[in-house]
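Dear colleague,

My findings follow directly after it.

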Amino acid sequence: GDTASYAYPYYNDLIKKVRPDIIIHTGDLADEVKAGRIPTAKAEYQENVKKISQIFKNSNAEKIYIVPGNNDITEIIEKEMPFATIVPHDTQITISGITCILTHSCPETSNKSSWFFYGHGFTGDTHKPEDNNLNGTCYFNAMWGPKVFLLSEKKVFSFIRPESV
């Protein structure tokens, strides 16, 4: 989540190396563009979504979930990524027996879950990666960097989030 377009090559390389079965993006596909709030940024946003769309499409992932963020335009995502599953905030899914919540903002949810995936969380987010219990409740803020999960083994691998070109 909260992916700046300058980081697309990094994520493309990571996805090629990992070859994930599932990709979860928690919103703001071209974070620096702010198209959800600035109507004149729509064309630039769409061009960036086309680029990240190709990365996701070429991943050969079995399932791709996207939760539109406050800087996204859902109609553009739907048009450019017909192969992805676009879900609303606070969507509950089960992956390999683990109940997960997919949302854009820091989870304040009425749904019960084991794992929470979200993109925003600096304001008022008290969760920390070191507090996660892989056999209990876990919070995964996309701002903490990309993660790869081996769900059957309940292992998490963290990668450094690229800050700039």
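Predicted model: local features only at pLDDT ≥ 70, side-chain atom pairs only at ≥ 80, totals over all residues.

Leu102 has Phe117 of strand 6 as its bridge partner.

Strand 5 covers residues 98–102 and strand 6 covers residues 115–118; the two run parallel and are joined by 3 bridges. Opposite Trp115 in strand 6 stands Cys100. On its other pairing, strand 6 runs parallel to strand 7, with 4 bridges between them. Here Tyr118 is placed opposite Asn141 of strand 7.

These strands belong to an open sheet of 4 strands, ordered 4-5-6-7, in which the pairing is mixed. Its edges are strand 4 (91–95) and strand 7 (138–141), each of which pairs on one side only. From one strand to the next, the twist averages 25 degrees.

Which way do the side chains of strand 6 point? Trp115 and Phe117 point one way, while Phe116 and Tyr118 point the other way. In a regular strand, side chains alternate between the two faces of the sheet. Trp115, Phe116, Phe117 and Tyr118 are all buried.

How many disulfides does a search of the whole structure find? The search returns 0. A disulfide requires two cysteine sulfur atoms within 2.5 Å. The cysteine sulfur closest to that of Cys100 is in Cys138, at 9.6 Å, and is therefore too far for a bond. For Cys138, the closest cysteine sulfur is in turn that of Cys100. Both residues are buried: Cys100 has a relative accessible area of 2%, and Cys138 has a relative accessibility of 0%.

Helix 2 comprises 17 residues (residues 42–58), which at 1.5 Å a residue should span 24 Å; its end C-alpha atoms lie 24 Å apart, so the two values agree. After helix 2 comes Asn60, which has a positive phi near 60 degrees.

With kind regards

Notes
Residues numbered from 1 in each chain as written. Heavy atoms only, no water. Buried < 20%, exposed > 50% of the residue type's maximum accessible area, 1.4 Å probe, protein only. Pairing = 2+ DSSP bridges. Axes fitted to C-alpha atoms, helices over the stretch in contact; angles between N-to-C directions. Expected span 1.5 Å × (residues − 1).
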